[in-house]
Amino acid sequence: IGIAGGSGSGKTTVARALKKFQREDITIIEQDAYYKNRVDLTYENRCLLNYDHPNAFDTDLLCEQLEALIKGEEIAKPIYDFSRHLRKEETINVKPCPIIILEGILVLESKKLRDLMDIKVYVDTDADVRVLRRLRRDIRDRGRTLDSVINQYLTTVMPMHNAFVEPSKRYADIIITEGGKNLVAIDILNSKLNLLKYSNGES
C-alpha cells in the first residue's frame, strides 16, 4: 500500500491507524528513511539541498528493499538523522509481513514505486493545517528552528508540493480527506485489507 500526500497531511496517522487494526500483519516503511546519504557535502551545503524534490531520495535502494520484503526477505532499513542530514551508521532490521505500507510525500510520484503497489492512497489535507503540523513536528522532533522551517516551506516545500506531490494525486485509487481523522476511510481500507488477506488463503 502506498500512502502519499503533502507534508503534514496525516499520512503517518493513517498508516499507524491501519497497523493498529492489523497489528503484526503490517510493517510500515517511511520514504523519509531513504534520503540520499550525502556524505560528500559539508553540513552547511547539506542544509541547502532541496529535500522535497524526487531526486533527494534513494529510490533505487527503496525499491530494492521493498522487492526483498515482497519476496519474504529481511532488510536493513536505514535510519536518517534529520539534525545532521545524514544516515546513521546503525540500521533497523525489518522482517517481511503480509502487508507493507510505504508512506511518504512522493511515493506516488515514482512509477518504479507505483508498480510495486496494490493499493495507492493519497491523503488530502488543507495547506494551512499541513504547514502548522510541519512546524510543530520539525521544531519538536527534528531540532529545527522556526525560521529555518518557515524558510524551507516557502522555498522548497510549497513549490515542490505544487510541482510533484499534488499532481501525483491522479494516480491514487483512494483519496482520504483530513488524514487520520477520517475514520470512515480508514475503516474501508481496513476492510479491504482483510478481504485481500482472506483471498490469499489466510484464516
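Predicted model: local features only at pLDDT ≥ 70, side-chain atom pairs only at ≥ 80, totals over all residues.
Residues are numbered from 1 along each chain as its sequence is written, and side-chain values use heavy atoms, with hydrogens and water left out.

**Entry: the whole chain**

I looked up the secondary structure and found seven helices and seven strands; these are DSSP runs numbered from the N terminus, helices being H or I with at least four residues and strands E with at least two. The order along the sequence is β-α-β-α-α-β-β-β-α-β-α-α-β-α.

I then looked at the extent of the C-alpha trace, which spans about 55 × 35 × 30 Å along its principal axes. Among contacts with a separation of 6 or more, 72% join residues 24 or more positions apart; contact means heavy atoms within 4.5 Å.

**Entry: helix H6**

I looked up H6, which covers residues 146–165. Its 20 residues put the end C-alpha atoms only 23 Å apart, short of the 28 Å that a straight helix would reach at 1.5 Å a residue; the expected span is 1.5 Å times one less than the number of residues. I found a bend of about 50° at Tyr153, the bend being the angle between axes fitted to the seven residues ending there and the seven starting there.

Tyr153 is also one of the buried residues of H6, which include Val149, Gln152 and Thr156. Among the elements that cover the buried residues of H6 are strand E1 (2–5), strand E6 (120–124) and helix H5 (127–141).

**Entry: aromatic rings**

I found five aromatic pairs in the structure. Rings of Phe, Tyr and Trp (its six-membered ring) pair if their centres lie within 6.5 Å; planes under 30 degrees apart count as stacked, over 60 as edge-to-face and the rest as tilted.

Tyr35 and Phe57 are stacked, at 4.5 Å centre to centre and 20° between the planes. They lie 22 residues apart, Tyr35 in the loop between strand E2 (26–30) and helix H2 (43–47), Phe57 in the loop between H2 and helix H3 (59–70). Both Tyr35 and Phe57 are buried.

Tyr80 and Phe82 have ring centres 5.2 Å apart and planes at 70°, so I noted this pair as edge-to-face. Tyr80 counts as buried because its relative accessibility is 7%. Ring pairs link Tyr35, Tyr51, Phe57, Tyr80 and Phe82 into a cluster.

Key:
Buried < 20%, exposed > 50% of the residue type's maximum accessible area, 1.4 Å probe, protein only.
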